[in-house]
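Please find below a short note for someone coming to this model for the first time. The points are numbered so that each can be checked in turn.

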Amino acid sequence: MNLERVPNDEKLGLCRKYYLAGFAFLPFLWLVNVVWFFKEAFLKPVYTEQLQIQTYVKRSGLGLLFWVTVLTTWITIFQHYRAEWGEVGDYLSFTIPLGIP
């Protein structure tokens, strides 16, 4: 999408939609929001909607950082302790690896 052709009020609406959609356990949308609107929020000359776009981009970045931290922690703990958890670890596994861990 070329944001250069979109009016500023539509940019704000789109940025807000991606920000709110990220709360539906879709942190990928926050990543898209940060990547698409970073230049618009922080590097372009000042315009009226820019302050709100900056807020949404910052919050999207913080939400993305939170989810990356949570998921990385969970994956690390699960990979390390899955075999020790016995049946619970097996029930949480989509596939059960063969062999001795």
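1. Basis of the note. This is a predicted model, in which local features need pLDDT of at least 70 and side-chain atom pairs count only at pLDDT 80 or more, while totals for chains, interfaces and linings use all residues. Residues are numbered from 1 along each chain as its sequence is written, and side-chain values use heavy atoms, with hydrogens and water left out.

2. Ring pairs. The structure holds 11 aromatic pairs. Rings of Phe, Tyr and Trp (its six-membered ring) pair if their centres lie within 6.5 Å; planes under 30 degrees apart are stacked, over 60 edge-to-face, and the rest tilted. One of the pairs is Y19 with F23, edge-to-face at 5.2 Å centre to centre with 80° between the planes. Y19 has 10% relative accessibility and therefore counts as buried (buried is under 20% relative accessible area, exposed over 50%, partly exposed in between, with a 1.4 Å probe and protein chains only). Y19 and F23 also belong to a cluster, linked by ring pairs, with W30 and Y56.

3. The tryptophan pair. W74 and W85 are stacked, with 6.1 Å centre to centre and 25° between the planes. Because W74 lies in helix α3 (residues 50–81) and W85 in the loop between α3 and α4 (87–92), the pair ties together parts that are 11 residues apart in sequence. Helices here are DSSP runs (H or I, at least four residues), numbered from the N terminus. W74 is partly exposed at 43% relative accessible area, and W85 is partly exposed at 32%.

4. N33. This residue sits in helix α2 (residues 27–42). Is N33 buried or exposed? N33 is buried, at 0% relative accessible area. A polar atom of the N33 side chain lies 3.3 Å from the backbone oxygen of C15. Leaving aside residues up to four places away in sequence, N33 touches C15, Y18, Y19, F38, Y56, V57 and S60, where contact means heavy atoms within 4.5 Å.

5. S60. Helix α3 holds S60, which is buried with a relative accessible area of 0%. The side chains of S60 and N33 are joined by a polar contact of 2.9 Å (a pair of N or O atoms within 3.5 Å; within protein, one must be able to donate a hydrogen and the other to accept it, and residues adjacent in sequence count only if both atoms are side-chain atoms). With residues up to four places away in sequence not counted, S60 touches Y19, W30, N33 and V34.

Key. Helices (H or I, at least four residues) and strands (E, at least two) are DSSP runs, numbered from the N terminus.
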